[in-house]
Amino acid sequence: MEVEKMDENEWKYHGEGNQSLVVSHCQRCVVLRFLKSPPNQNKTPEEILHHLQNIVDFGKHVMKQFFGENYVHHGEIIQLPLDFVRQLCLKIQPERPECRCDKDMDTLSGYAMCLPNLTRLQPFRFSEHRPILCIEIKPKCGFIPFSSHVSQEIKHKVCRYCMHQHLKVANGKWKRPSKYCPLDLFSGNKQRMHFALKSLLQEAQNNLKIFKNGELIYGCKDDQDCVCDWNELARHLKPFFFPCNGLASGPQCTRTVVKELIHVITMALLSSTDSCRAGDMKTVPISQGRSYCEASAFNKELIRNGKHKLESSGLPRGCLLYKTLQAQMLDMLDIEGLYPLYSRVEQYLEEFPEERSTLQIDGPYNEAFYEKLLDLSLEDDGTVAFALTKVQQYRIAMTAKDCSIMIALSPCLQDECSEQRPVVLTSKSRFTFSVSVLDLDLKPYESIPHQYKLDGEIVNYYLKNVQAKEDPVMSNLFKENEDCTLVLHKV
Ligand SMILES: O=P(O)(O)O[C@@H]1[C@@H](OP(=O)(O)O)[C@H](OP(=O)(O)O)[C@H](O)[C@H](OP(=O)(O)O)[C@H]1OP(=O)(O)O
Ligand SMILES: Nc1ncnc2c1ncn2[C@@H]1O[C@H](COP(=O)(O)OP(=O)(O)OP(=O)(O)O)[C@@H](O)[C@H]1O
């Protein structure tokens with residue numbers, strides 16, 4: 001990119017999260033990702049550069065090992081003319097959702113990350129001018145803690161996402177709770193995955209976005225500004241799934257198109273398109289934890305129908321969901337078991353502050369950092385080394401619990417398909433596709449006390465306001481079904 005010739009008119013607002021703001025190039029398949037910070041808390045250019053360098057290194061040397069070369073796009077740092085950045089910031093400001101304006105885009109350093117635009121990245125070069133559909137999913141934590149340090153039984157039964165939903169609705173972050181449960185998505189069971197994806201389509205929150213040719217066509221910019229109309233979505237998608245038409249519009253058409261969409265997402269998520277170095281690093285056998293969440297609407301429906309066993313087919317080892325789950329499961333002790341270890345590291349650092357850099361708390365995130373993450377031993381020998389390894393593994397796990405998955409799909413003809421290109425078929429069309437992961441910024445060491453506090457708040461809110469009310473209803477349902485089993489067995 002020729003940085004001297006940067007023109008803000010060639011860029012447009014693309015999206016943002018809590019930490020960064022993204023603009024996309026109007027013609028080329030690239031984005032610029034700027035850091036954000038609260039007003040008047042600007043970092044120096046050196047600090048920004050260091051932060052960005054850490055993000056790139058972490059993607060390159062650590063996350064690529066966990067997720068695989070092809071899934072991770074670590075990007076590169078770019079230095080931009082300050083005038084361009086200021087003009088760009090002014091230009092995009094009106095597009096920004098109000099709820100994100102508590103932080104400002106960094107306009108003082110001139111540094112940003114340059115990445116491929118994953119919403120427009122064509123899975124394969126041959127199809128450069130083909131339309132492209134992209135689905136972004138933020139799946140969140142896909143397992144129930146198995147750690148013996150967990151103090152509240154409910155955490156062994158209901159997943160964090162489902163519990164957190166109630167607190168978020170109470171706090172006004174979202175208007176309605178979602179029926180999505182990450183454990184259904186991560187189950188590998190197509191029926192459960194279908195239910196999870198349908199629930200995401202019903203209540204997208206910040207967990208689902210759909211882009212057509214790089215433009216957001218479905219999902220929430222914020223809780224006030226959501227484009228979530230299934231008929232409208234079906235109108236956009238019909239040419240992708242039914243290119244020769246023959247499908248009249250109406251509710252039946254909408255349902256058919258949505259079903260096809262869910263099918264392609266499921267197939268892409270279960271596909272294995274890469275291998276990685278940490279490939280056979282097994283954090284814990286999935287069987288150790290419960291494979292379903294008691295609060296999942298899918299699970300409740302099964303119980304209502306007298307079935308007690310939720311199928312969990314398991315994920316294929318090479319697929320991105322499997323890799324994400326394995327990285328998430330580096331949180332082996334749960335925040336309750338981790339917090340005392342964090343305190344041990346803190347105490348040590350209070351005594352020996354100069355050791356902070358040797359311990360690589362704030363980087364560099366290099367090969368040596370990665371190697372230290374591979375020790376999965378849970379035997380606490382009382383050392384700072386043990387505590388630090390668990391803290392760093394926990395940070396990786398938190399990062400994997402908050403990352404997003406991008407699936408890019410492009411229609412292709414039968415004679416264009418070859419063995420190198422993964423293809424997914426629907427009833428009337430075929431797509432080449434690629435799967436990537438984004439937002440792999442390592443969670444800061446300093447966020448651990450916040451995690452500890454938030455965990456308590458989520459659980460306490462759930463116990464007080466939800467479980468207390470739901471329990472009699474659910475236990476009655478269990479009882480009814482048990483009665484039924486008794487009749488069949490003995491009489
Ligand atoms: O704690 P959670 O689970 O609510 O996750 C936060 C996300 O909220 P979500 O629940 O996905 O709506 C939150 O997402 P939103 O800003 O709410 O869209 C951030 O991703 C936050 O990350 P960071 O601390 O800014 O790096 C996330 O915080 P971390 O816990 O990952 O640090
Ligand atoms: N390389 C990319 N290509 C296309 N879109 C991108 C890319 N990177 C980010 N985005 C878009 O910008 C949004 C915000 O980016 P990102 O998730 O990295 O922000 P964040 O502030 O780090 O998020 P969080 O709130 O989770 O901390 C994403 O949800 C995605 O839609």
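This text walks through a predicted model of a protein with two ligands.

Some ground rules come first. Residues are numbered from 1 along each chain as its sequence is written, chains are lettered from A and ligands numbered from 1 in the order in which they are written, and side-chain values use heavy atoms, with hydrogens and water left out. As the model is predicted, local features need pLDDT of at least 70 and side-chain atom pairs count only at pLDDT 80 or more, while totals for chains, interfaces and linings use all residues.

Confidence is the place to start. The pLDDT is the predictor's confidence in each residue, from 0 to 100. It averages 89 over the protein, and 88% of the residues score at least 70. Residues 477-491 fall below 50. Beyond near neighbours in sequence, that stretch has eight contacts in the model, where contact means heavy atoms within 4.5 Å. The model scores are ipTM 0.98 and pTM 0.93.

Now turn to ligand 2. A residue is near a molecule if one of its heavy atoms lies within 4 Å of it. By that test, 22 residues surround ligand 2. The closest are Asn-18, Gln-19, Ser-20, Glu-136 and Asp-439. Two of these names return among the polar contacts, which are pairs of N or O atoms within 3.5 Å; within protein, one must be able to donate a hydrogen and the other to accept it, and residues adjacent in sequence count only if both atoms are side-chain atoms. Gln-19 uses its backbone: an N or O atom there lies 2.7 Å from an oxygen atom of ligand 2. Asp-439 uses a polar side-chain atom, 2.7 Å from an oxygen atom of the ligand. The side chain of Asp-402 places an N or O atom 3.3 Å from a ligand 2 oxygen. Taken alone, ligand 2 exposes 620 Å², and the protein buries 93% of that. Accessible areas come from the Shrake-Rupley method with a 1.4 Å probe; for residues, only the protein chains shown count as cover.

Which strands each supply at least two residues of the shell around ligand 2? They are strand 1 (11-16), strand 2 (20-25), strand 3 (30-37), strand 6 (111-116) and strand 8 (208-212). Helices (H or I, at least four residues) and strands (E, at least two) are DSSP runs, numbered from the N terminus. The shell divides into eight nonpolar, seven polar and seven charged residues. Here Ala, Val, Leu, Ile, Met, Phe, Trp, Tyr, Cys and Pro count as nonpolar, Asp, Glu, Lys and Arg as charged, and the others, Gly among them, as polar.

Ligand 1 has 15 residues around it. Asn-18, Arg-100, Lys-168, Lys-173 and Gln-451 come nearest. By class, the shell holds two nonpolar, five polar and eight charged residues. Helix 3 has the largest share, three residues.

Lys-212 stands opposite Glu-215 of strand 9. Two residues lie between the strands, and Asn-213 takes a positive phi near 45°. Strand 9 then pairs with strand 10 (residues 225-227), antiparallel, over three bridges. There Cys-220 has Cys-226 as its bridge partner.

Two backbone details remain. Most residues other than glycine have a negative phi, and most peptide bonds are trans. Asp-334 has a positive phi of about 70° although it is not a glycine, and Asp-334 is found in helix 10. The peptide bond from Gly-363 to Pro-364 is cis, with omega near 0°. Pro-364 sits in the loop between helix 10 (334-351) and helix 11 (367-372).

Notes: Two strands pair if DSSP finds at least two bridges between them.
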